[in-house]
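User: I am new to this structure and would like a close look at a single part of it. Please keep the answer plain.

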Amino acid sequence: MSKLDPLPGLAPYALQHFYDEMYADERSIRPHYKHVNRMFSGMSPEELQGKQKLMQRRMMEEGITFTLYNPAQDQPMERTIPFDMIPRIIPKAEWERLEAGIVQRITALNLFIHDIYHEQYIVKDGIVPRRMIISNCYFRPEMTGLRVPGGAYITTSGIDLIRHHDGEYYVLEDNLRTPSGFSYLFKGRSLMNQLFPELSFASSIRDVDHSLNRFLSVLRSLSPSRTKDPVIALLTPGEYNSAYYEHAFLAQQMGIHLVEGRDLVAQDHKIYLKEMNGLRRVDVLYRRLDDDFIDPLAFQPSSLLGVAGLMNAYRAGNIAIANAPGTGVADDKAMYVYVPDMIRYYLNEEPILGNVPTYLLSRPQERQYVLDNLSEMVVKETSLSGGYGMLIGSEATKQDLVDFRLKILAEPERYIAQPIMSLSRAPVLSGDGMTPRHIDLRAFVLMGADRKPHVIPGGLTRVAMREGSLVVNSSQGGGVKDTWVMA
């Protein structure tokens, strides 16, 4: 018997008060994990270390990396993203409920964005305050009244979900601008199939590879031209971007052009790709740049990353941009509070998935409650993502709490707060066997011109690699797991 699991079914660590994905209690394994637990428990520490080294070597050879930016260091650090070999498993019925809730949410959010840039019924009916729209830094007046190809504003999205100690899933965040992580989902599955073929093929799990074809089909569906083979390009900030590996991977897998702004030119309200033999018109641009940088004539004048004249071509209906500019108005962390109301307003349905309780610090009573309980709160800056601009009260020093209190009092509208949630835990492999780490789930959604959201089965499980930490973001040192949905 290996030291991973001294007795069959016995949890190798104290479960405490957290929901554990593998263990129902300290003496029993959840049914859908038994096969995985049996296999890993039957491997010696030497075998596991050998697999882990092989995994790291494959990741280095294939360039599966992420760039970390540390303010204390002059140079960014490129590293392989920590990948844990024990998969996270979601039963079929559980996934079906998650999928229905995610589809419902994205459908409502897409309707909201269209409404905000057209009639603004939700504002006129008093559901969302006008000031929440006008003061939102991601609101783009340039999009007002503009027809979006297929009516699909949110072509790609990443919905972050957590499971609380009560066993229920909650939506933590909606990422609707340029969500990242797709490549780690697809490559994670590929590496698991290579290293543990007997495990993945013996388990009845949903395939994810077909979703790459779906991704391409979704982009093709947005083309404003009638050509049978539209030209699609992925616009990247370049090789120094933290997610450049993902940009290159997706372009290669889908057979689309990987371009930087300097590779494109605007002429006669159309966008062209510069090639050796001349210019080639681009029909669809999957951009991995924030709005500010995509067109220096329309947004940030100093940007060298975008294409001057892109928005003119977009307004003329000669190119599709995915995601549409201005989608960030709906993924602002303050707007998140209103998503359940959007679902009721646009769909006349009750939300299937709940929000984490959230306090808007622009409201005096809520602000005072948060200030009185700051050590028990997670405070986030509404316009930031990736774990930046955040305070976790239970991990903060006294000085951190004092400093953040002053920031809140100075500009309360910039912040929201949530109670510290007990993220579920799952076992990861370490030198001492299995050890628990907190996790969340980023579910990826694709939406084409038919406006029927497709949720990629499983998504990306993100892992807080530091013991006790709740921060799962890759930009903050988090890792990932392959995520299996039982078929």
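Which exposed residues does the face of α13 turned away from its buried side carry? Please also describe what surrounds that helix, and then go on to other parts.

Analyst: The model is predicted. On the face of α13 turned away from its buried side, the exposed residues are P364, Q365 and D372.

The buried side comes next. Helix α13 spans residues 364–372, and its buried residues are E366, R367, V370 and L371. These four cover an arc of only 135 degrees around the axis, so they lie on the same side of α13. An α-helix has 3.6 residues a turn, so residues three or four places apart point the same way.

Several elements cover the buried residues of α13, including the strands β16 (359–360), β17 (377–381) and β19 (415–419). Helix α14 (398–410) is also among the elements that cover them.

β16 runs antiparallel to β19, and two bridges join them. In this pairing, Y359 stands opposite A417 of β19. β17 also pairs with β19 in the antiparallel sense, over five bridges. Here V379 has A417 in β19 as its bridge partner.

Another enclosed strand is β7, residues 169–175. Seven of its seven residues are buried, so β7 is largely enclosed by the rest of the structure. β7 pairs with β6 (residues 156–163) in the antiparallel sense, over six bridges. Within that pairing, G158 stands opposite N175 in β7. The two strands β6 and β7 form a hairpin with five residues between them. In the turn of this hairpin, G167 has a positive phi of about 85 degrees. β7 also pairs with strand β15 (residues 354–355), in the parallel sense and over two bridges. Y170 has G354 in β15 as its bridge partner.

A further part is an open sheet of three strands, in the order β10-β11-β12, with antiparallel pairing. β10 (264–267) and β12 (278–281) each have a single partner strand and stand at the edges, so one side of each is left without a neighbour in the sheet. From one strand to the next, the twist averages 45 degrees. β10 pairs with β11 (residues 270–275) in the antiparallel sense over four bridges. Q267 stands opposite K270 in β11.

Helix α3 (residues 92–116) packs against helix α12 (residues 339–347) at an angle of about 80 degrees, and their axes are 9 Å apart. Angles of 65 to 115 degrees count as roughly perpendicular, so α3 is roughly perpendicular to α12. On the α3 side, the residues that meet α12 are Q104, R105, T107, A108, L109, L111, F112 and D115. On the α12 side, they are V339, M342, I343, Y345, Y346 and L347. The residues of this contact of α3 with α12 divide into 10 nonpolar, two polar and two charged.

Key:
Residues numbered from 1 in each chain as written. Predicted model: local features only at pLDDT ≥ 70, side-chain atom pairs only at ≥ 80, totals over all residues. Heavy atoms only, no water. Pairing = 2+ DSSP bridges. Axes fitted to C-alpha atoms, helices over the stretch in contact; angles between N-to-C directions. Buried < 20%, exposed > 50% of the residue type's maximum accessible area, 1.4 Å probe, protein only. Arc of directions from axis to C-beta. Contact = heavy atoms within 4.5 Å. Parallel < 35°, antiparallel > 145°, perpendicular 65-115°, else oblique. Nonpolar A, V, L, I, M, F, W, Y, C, P; charged D, E, K, R; others polar.
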